[in-house]
Amino acid sequence: MALTSGSNKQQPQPVIDRIKSTKLGPFVLKISHHFSDGSVYHWTSRAHRKGSGHGAVNQTSPTLSQQLLVFRPTFLSWCMAMLFMIGAVCFAAPCINEVWPGLINHWLEDVDTINMVFFVGSIFFTSAAYLQLLEVVNADRRAELEAGVTPTNPFTWFSWQPNQIGWLSAFIQLAGTLFFNLNTFDVMLSDLNWLQQDLLIWTPDIIGCLCFLAASGLAVIEECHSFWAWKPRSISWWVVMVNMLGSIAFMVAGVFTLILPSSQEVLDLYQINLWTLVGAVCFFVGAYLTLPEMTQWKRPAMLVRQQAHN
């Protein structure tokens with residue numbers, strides 16, 4: 001039977017009719033693409049840097065096992081999550097032994113061992129934070145590769161993008177981890193008086209905590225598209241909120257680390273360990289939740305191709 005005229009013609013792809021953006025100050029947080037066929041695709045800053053999207057039609061939701069058991073070692077997000085989780089364990093383990101003595105092996109009762117574990121944990125945090133920044137600066141390139149478009153820019157190890165909220169959050173957190181490196185290294189120094197301890201240990205600690213608070217706050221704004229929003233059905237929302245709680249807990253612990261000249265001791269050792277433990281658990285959970293976040297909707301390749309040719 002002969003084919004009727006026009007039966008083998010391809011349907012034209014819808015084009016973008018209009019674009020609406022959501023901003024907070026200089027930061028673009030959300031862009032809504034309205035297509036000629038009536039569909040709408042919502043680009044968001046966090047989804048873009050994480051390699052996922054929102055609102056794409058005719059896509060299958062990932063299963064629970066796909067969300068909870070993610071193994072993608074070639075993805076920066078996966079490696080970053082693993083490093084953050086290992087660092088969180090290194091911070092949590094010594095604190096558990098201090099809050100609940102004898103619960104963990106006796107080798108964690110040695111002060112030098114405890115200090116070394118904290119320092120190693122800070123290195124894992126710094127490595128993870130750098131991968132997070134690396135993820136941001138190569139987000140456009142990754143989007144083009146996923147869509148089968150030749151990347152306009154080569155892979156880069158660093159770029160200056162302070163006008164992007166995701167970059168600013170990642171950069172500030174990386175700076176905070178470097179201060180934690182200094183803090184945990186200086187703890188291993190001996191024969192320091194109270195002033196030297198406050199300058200070499202407490203000061204970088206409190207600056208690192210402030211950096212984590214600022215980075216977490218920017219991440220909340222990036223995800224909520226405002227200073228606050230209630231989005232309990234969003235995995236990304238849980239990630240940024242749990243990390244914010246972790247930053248607050250680290251800040252509380254940092255305050256108690258101050259050494260007064262009268263006592264020559266920290267304000268409260270138990271509170272330091274307790275709130276460091278709470279913060280470490282929060283960051284472990286937040287890092288783990290980035291794994292199911294990786295399974296969220298992918299951006300339509302059609303949209304990336306259109307953007308690449310504009």
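**Core, salt bridges and a surface patch**

Me: Which residues have the most contacts inside the largest nonpolar core?
Reply: Phe84, Phe91, Phe125 and Phe250 do, in a core of 35 residues. Helices H3 (76-99), H4, H6, H7, H8 (235-256) and H9 (269-293) each put in at least two residues of this core. H4 gives the largest share, eleven residues. Keep in mind that this is a predicted model.

Me: What makes that set a nonpolar core?
Reply: Its members have to be buried residues of the listed nonpolar kinds, joined through side-chain atoms within 4.5 Å. In soluble globular proteins, nonpolar side chains tend to be buried together.

Me: What does Asp110 reach at the start of H4?
Reply: A side-chain oxygen of Asp110 comes to within 3.3 Å of the backbone nitrogen of Asp112. The cut-off for a polar contact is 3.5 Å, between N or O atoms.

Me: Why is the pair Glu293 and Arg46 called a salt bridge?
Reply: The rule asks for a side-chain nitrogen of Lys or Arg within 4 Å of a carboxyl oxygen of Asp or Glu. The side chains of Glu293 and Arg46 meet at 2.7 Å, N to O, so the pair qualifies. Glu293 sits in H9 and Arg46 in H1 (residues 45-50), so the bridge ties together parts that are 247 residues apart in sequence.

Me: Why do Glu293 and Arg46 count as buried?
Reply: Buried means under 20% relative accessible area. Glu293 is at 4%, so it counts as buried. Arg46, at 5%, is buried by that cut-off.

Me: Which residue does Arg49 meet in a salt bridge?
Reply: Glu222, at 2.8 Å, N to O. This pair links distant parts of the chain, with Arg49 in H1 and Glu222 in H7, 173 residues apart. Arg49 has 4% relative accessibility, so it is buried. Glu222 is buried with 0%.

Me: What makes Glu135 and Lys50 a salt bridge?
Reply: Their side chains meet at 3.0 Å, N to O, and the limit is 4 Å. Glu135 is in H4 and Lys50 in H1, 85 residues apart, so here too distant parts of the chain are linked. Both Glu135 and Lys50 are buried. By this rule the count comes to four salt bridges.

Me: Which residues form the nonpolar patch on the surface?
Reply: Phe185, Leu189, Leu195, Leu199 and Leu200, with about 440 Å² of accessible area together. H7 (residues 194-224) brings the largest share, three residues.

Me: Why is Leu189 called partly exposed?
Reply: Partly exposed lies between the buried cut-off of 20% and the exposed cut-off of 50%. Leu189 has a relative accessible area of 38%, so it falls in between. A patch residue needs over 30%, and Leu189 with its 38% clears that. Leu189 is in the loop between H6 (165-186) and H7.

Me: What is the phi of His225?
Reply: About 65°, a positive value although His225 is not a glycine. His225 is in the loop between H7 and H8.

Me: Where is Gln264, and why is Gln264 called partly exposed?
Reply: Gln264 is in the loop between H8 and H9. Its relative accessibility is 40%, so it lies between the 20% and 50% cut-offs. The phi of Gln264 is near 65°, positive in a residue other than glycine.

How values were computed:
Residues are numbered from 1 along each chain as its sequence is written. This is a predicted model: local features need pLDDT of at least 70, side-chain atom pairs count only at pLDDT 80 or more; totals for chains, interfaces and linings use all residues. Side-chain values use heavy atoms; hydrogens and water are left out. A polar contact is a pair of N or O atoms within 3.5 Å; within protein, one must be able to donate a hydrogen and the other to accept it, and residues adjacent in sequence count only if both atoms are side-chain atoms. Helices (H or I, at least four residues) and strands (E, at least two) are DSSP runs, numbered from the N terminus. Patches are made of residues with over 30% relative accessible area and no salt bridge: like charges are joined within 9 Å, nonpolar side chains (Val, Leu, Ile, Met, Phe, Trp, Tyr) within 5 Å. Accessible areas come from the Shrake-Rupley method with a 1.4 Å probe; for residues, only the protein chains shown count as cover. Buried means under 20% relative accessible area, exposed over 50%, partly exposed in between (1.4 Å probe, protein chains only).
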